[in-house]
Amino acid sequence: MWHICLNYREFKFAQTVIYAIEEINKNPTLLPQHRLGYRIYNACGYSNILRSAMALVNGVEHVTEGKNCSKTVRAQAIIGHSGSSPTVGFMRIIGRFHVPVISHFATCPCLSNRKEFPSFFRTIPSDYYQSRAMAQLVKHFGWTWVGAISNANYYGINGMAGFVRAAKEEGVCIEYNKAFESTNPEHSVRQIVDVIRNSTSKVVVTFMSHREIKVLVAELHKQNISGLQWVGSEAWLTDDSLTDSEGHTFLIGSIGFTVSKAQIPGLGPFLQNLHPSQYPNSLFLRDFWESVFVCSLNPPMENDDRKQCNGSEHLRNVNNQFTDVSELRFTYNVYKAVYAVAHALHNLHTCQPGKGPFINGTCAGTTKIQPWQILQYLQQVNFSTKQGENVYFDEQGDSPARYDLINLQNVHKGTMEVVKIGHYDGFLPKGQQLKIRNVPVSVCSKSCRPGTRKALQKGKPVCCYQCIPCGAGEISNTTDASDCLKCPPTYWSNWKGDQCVLKTIEFLSYNEVMGIILTFISLLGASLTMLIAVIFCQHRHTPIVKSNNSELSFLLLFSLTLCFLCSLTFIGRPSEWSCMLRHTAFGITFVLCISCVLGKTIVVLMAFRATLPGSNVMKWFGPLQQRLSVFGFTLIQVLICVLWLTISPPFPYQNMNLYPDRIILECHAGSAIGFWAILGYIGLLALLCFILAFLARKLPDNFNEAKFITFSMLIFCAVWITFIPAYVSSPGKFTVAVEIFAILASSFGLLFCIFIPKCYVIICRPDENTRKHIMRKNVH
């Protein structure tokens, strides 16, 4: 019966130690005149490990060849163990004696604690780096929602704790975090499988050995749970023994980090030439041989179905993981560990005084070498292997953190085919450490595109969120933004919400429909007014023109033309000059217009009074007085405008309060008192004119101008009374449009009511354009 804990990979590690020592002993440049020896212990079971550690510390009896004498020899260095937990256990004993221990596979970050493990070294990177590399890996692929399973020992707990911390920094969420051992009861494994089945994450990150992953995948196979993306640690990802487990095909597609593979020339033939006759006392080799060839080196015992080995068995005819040297990853770490000890001993023997590792550069004595001396030289080891790799240890005894990212793509009997899909170098700046190709994603919520932000869902982890569109005036220009950024005051968000764009500047333009219509009406009114002026000029000697005070009529037509044209100053982009011009021009021209109408009304009243016996009132309101009244009324408005422009003139203003997405470019009144004073003065003159015209509306003239003035003033006052609420309530550029409409409507009202009836008589009824007809009184 053979050992039940025989492991092909561990046996290959042991044979690699022997091969490396024999290669060193044959090397004339490394440790010349010295030979290395070795002793290999059974590491199957924790009790064997502790017993072996005590034997190494106390020393073993060594018989010198060719001499009848023996002496006790203490180990100068220890290669191994492969596991982190066993290493932590025996290092607590070995460390007290300062015996250097170099592990090829123990990756627990806890072993980097120099105070607790002062003599520990390793040729494999610490899991501190692997855990961070795995966190960057899942983040790179967008796997922000993952499950985590580990060994319930130093290796698994410390490795997973490092991953959880690094994952949190990367924004990756852990849905569940479970740990177990292969020796646990079956129901504990089933509980973990139930958690996997009920979870929503499709990626499982593992920090466990090949023993635990085989137990877990076998249970998953029993319950037919597949479709998972596995992220494995180096402890199981390349272990060929996984092919012996039920459901191992579920692991196809797994990815993870492992140490770089290398070649050891000569190791393949060395392993193939291995034979029990070379080491007749080796129980390891005996058990291995009988396991590979399913035969017994001794005569078969009763109840043993194996045949007896016939001597023709040879490892050249066997294809298994022991003889396979195509994927030398951790085996190469063993090889480097042996060479590290050899170089430390070589440096000890060739040390030059003044350049040693001890106080004042002293060297160690070569007659009686102590392990603690080798420890000092080992700390300073720095050499290159035949493959060109530089080997050294940092202050914590760790090797450089470099990994291959591999993908498990196929499974053959006894072997697993892996493909390198990237690499990780922990010594490069963050962001450049991981180089990788793309594979599928596993997230609780899809990434939020630019223009949206992440909103956490109540009662769920931070990786489960909703994508909320940014509010108006806010943007997010990155994926998975946690907050939206507010645009500057003069900017607004585009329709996608991922960019701030300049706000639309709005004003009443000549290019838009409303501006074109108002411009056309203004020019039409001015043209019509000038046409009437031409008609009046041609018929200025006729009674109807002369009887209605031709001088004030022409002045009124001139002022109306200016009224129509001043409305054009309200159209177009507001500027400093246009803002001052539009309101002052409007105020002065309208006062001039109303003053003319007021003068005509007074003239009508005075003319009626002058017809009474003994009245000489017309001498008090002759042509000179009429001109002075128009000039005086207008001068008052001019003085108001001058004061307004001097104290607080109008100015262009960007109104951002009316619409959030637009800037209304308008003219600010500057002084509200000045603006309403101009309007109030115009209104006062219009009211006075309306009252006087109303009083004179029934004078007994055949052609009573006061009646038409009354109608015109009624329209004028109605327009400007309705203008005030419309002006205050109109938004943006419509405020300007309302003001222009009021100017045009009141101007057309004056033009039509006062001058159109006269033009009708002049053109269509010339028989009524006689002094006799005009002077004839109506008889009722």
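Let's start with the contacts of Glu-313. Setting aside neighbours within four places in sequence, Glu-313 touches His-275, Trp-289, Phe-293 and Cys-295. This is a predicted model, so please keep that in mind throughout. Glu-313 sits in the loop between β12 (307-308) and α11 (330-349). Which side chain of opposite charge is nearest to Glu-313? That is Lys-307, 5.7 Å away. Glu-313 is buried and has no salt bridge. Its side chain does reach the backbone nitrogen of Asn-310, at 3.0 Å.

What covers them? Just after α10 comes Val-294, with a positive phi of about 50°.

Stay with α10 for a moment. Glu-290 forms a salt bridge with Arg-306, 3.2 Å from N to O. Glu-290 is in α10 (residues 283-293), and Arg-306 is in the loop between β11 (295-296) and β12, so the pair ties together parts 16 residues apart in sequence. Are these two buried or exposed? Both Glu-290 and Arg-306 are buried.

Now the other salt bridges. How many are there in the whole structure? The search finds 15. Take Arg-122 and Asp-398. Their closest N and O atoms are 2.7 Å apart. This pair links distant parts of the chain, 276 residues apart. Arg-122 is in strand β5 (residues 120-122), and Asp-398 is in the loop between β14 (390-392) and β15 (402-412). Arg-122 counts as buried because its relative accessibility is 0%. Asp-398 has a relative accessible area of 5%, so Asp-398 is buried as well.

Next, Glu-170 and Lys-430. Their side chains meet in a salt bridge at 3.4 Å, N to O. Glu-170 lies in helix α5 (residues 154-170), Lys-430 in the loop between β16 (415-425) and β17 (434-436), so parts 260 residues apart in sequence are tied together. Glu-170 is buried, at 18% relative accessible area, with the cut-off being under 20%. Lys-430 counts as exposed, at 57% relative accessibility. There is also a network of salt bridges, linking Arg-329, Asp-404 and Lys-420.

On to backbone geometry. Most residues other than glycine have a negative phi, and most peptide bonds are trans. Where are the exceptions? Leu-31 has a positive phi of about 55°. Leu-31 lies in the loop between α1 and α2 (46-58). At 7% relative accessibility, Leu-31 counts as buried. His-98 also has a positive phi, about 60°. His-98 is in the loop between α3 and β4 (101-103). With a relative accessible area of 35%, His-98 is partly exposed.

Then the peptide bond. Gly-80 and His-81 are joined by a cis peptide bond, with omega about 5°. His-81 is found in the loop between β3 (78-79) and α3 (84-94).

Last, the surface. Which residues form a nonpolar patch there? Leu-687, Ile-691, Phe-694 and Leu-695 do, with about 380 Å² of accessible area together. Phe-694 belongs to helix α18 (residues 672-695). Phe-694 counts as partly exposed, at 38% relative accessibility. One reminder about helices. An α-helix has 3.6 residues a turn, so residues three or four places apart point the same way.

Terms used: Residues numbered from 1 in each chain as written. Predicted model: local features only at pLDDT ≥ 70, side-chain atom pairs only at ≥ 80, totals over all residues. Heavy atoms only, no water. Helix = DSSP H or I, 4+ residues; strand = E, 2+ residues; numbered from the N terminus. Buried < 20%, exposed > 50% of the residue type's maximum accessible area, 1.4 Å probe, protein only. Lys, Arg positive; Asp, Glu negative; His and termini not counted. Salt bridge = Lys/Arg side-chain N within 4 Å of Asp/Glu carboxyl O. Polar contact = N/O pair within 3.5 Å; in protein donor to acceptor, adjacent residues only side chain to side chain. Contact = heavy atoms within 4.5 Å. Patch = residues over 30% accessible without salt bridge, like charges linked within 9 Å, V, L, I, M, F, W, Y side chains within 5 Å. Areas by Shrake-Rupley, 256 points an atom, 1.4 Å probe, with all protein chains shown as cover.
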